[in-house]
Amino acid sequence: AILGGAAAITENGLRPQSEPVYVSRTQELCTVAGHAVLSEAALRTTGELENVVNLHLVADVLRAADGLLIAGGVGFVGGLLGLATPDVLAVATSNDFLEESIAISAMGMRAGGYRPDVVIVNPTDWRSVYLRRETGGMYVHASPLSQTPLTISGCAVVFSTAVPTKQAVLLDSRFTDFMPLDRVRVEVAYVASQFLTGECTVRCELQGLPVVRDLAALRIVSRA
């Protein structure tokens with residue numbers, strides 16, 4: 001019994017203890033909004049206001065929220081681009097895009113316990129991937145007439161012109177979010193002299209908090 005107890009103490013002493021370290025950070029509330037001008041006649045048409053809000057304004061507001069999260073803005077300076085850890089990888093290849101670098105960086109994140117599932121790229125870079133041909137003239141990935149999955153190394157591809165070409169933001173989406181505090185608010189009002197022209201302005205607004213829970217879950221991948 002004594003030897004068993006000694007063995008247990010020795011074994012426990014060899015096991016390093018790890019506890020999470022939390023850093024408090026105050027995040028400002030961010031507001032994104034969009035507007036559209038409608039005629040009073042259209043506004044009185046059954047379902048027109050609902051269509052404008054659901055098909056256009058809400059989509060615009062959500063795109064603005066994505067842009068705020070990625071590139072930053074008032075209340076969230078720098079965004080994910082400013083917070084992500086640079087991961088410069090030199091890959092010996094004639095391919096100008098980051099496919100190999102993204103795959104290598106994703107493997108490194110997975111080895112560290114993260115699950116990268118989103119990669120944000122410039123649309124120009126993705127076009128060069130999608131239409132890339134080999135020396136014989138054959139398309140590398142697929143024919144432009146076929147539907148190709150928007151994935152790289154198991155990560156869903158998201159487009160943003162805020163990301164510079166030849167770079168990509170790789171992330172584990174469990175650690176990033178834009179948390180709305182309420183539903184999208186809709187307001188209808190006359191602006192300036194619109195009551196004279198028979199028009200009105202419809203405004204949609206969304207307030208939320210950009211959240212980054214772990215900086216190690218974000219990486220900027222670029223070619224050396």
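This is a predicted model: local features need pLDDT of at least 70, side-chain atom pairs count only at pLDDT 80 or more; totals for chains, interfaces and linings use all residues.
**Exercise 1.** Find out where R63 and D60 lie, and how exposed each one is.

*Solution.* First, the contact: the two side chains form a salt bridge, 2.4 Å from N to O. Now look at the location. Both residues belong to helix α3, which covers residues 48–71, and they sit 3 residues apart, about one turn of the helix. Last, the accessibility: R63 has 53% and counts as exposed, while D60 has 34% and counts as partly exposed.

**Exercise 2.** Work out which parts of the chain the R219 and D87 pair ties together.

*Solution.* Begin with the salt bridge itself, where the N to O distance between R219 and D87 is 3.0 Å. R219 is in strand β10 (residues 218–223) and D87 is in strand β2 (residues 85–89), so this pair links parts that are 132 residues apart in sequence. To finish, R219 is partly exposed at 24%, whereas D87 is buried at 15%.

**Exercise 3.** How many salt bridges does a search of the whole structure find?

*Solution.* The search turns up 6. Among the pairs are R174 with D172 and R63 with D60.

Notes:
Residues are numbered from 1 along each chain as its sequence is written. Side-chain values use heavy atoms; hydrogens and water are left out. A salt bridge is a side-chain nitrogen of Lys or Arg within 4 Å of a carboxyl oxygen of Asp or Glu. Helices (H or I, at least four residues) and strands (E, at least two) are DSSP runs, numbered from the N terminus. Buried means under 20% relative accessible area, exposed over 50%, partly exposed in between (1.4 Å probe, protein chains only).
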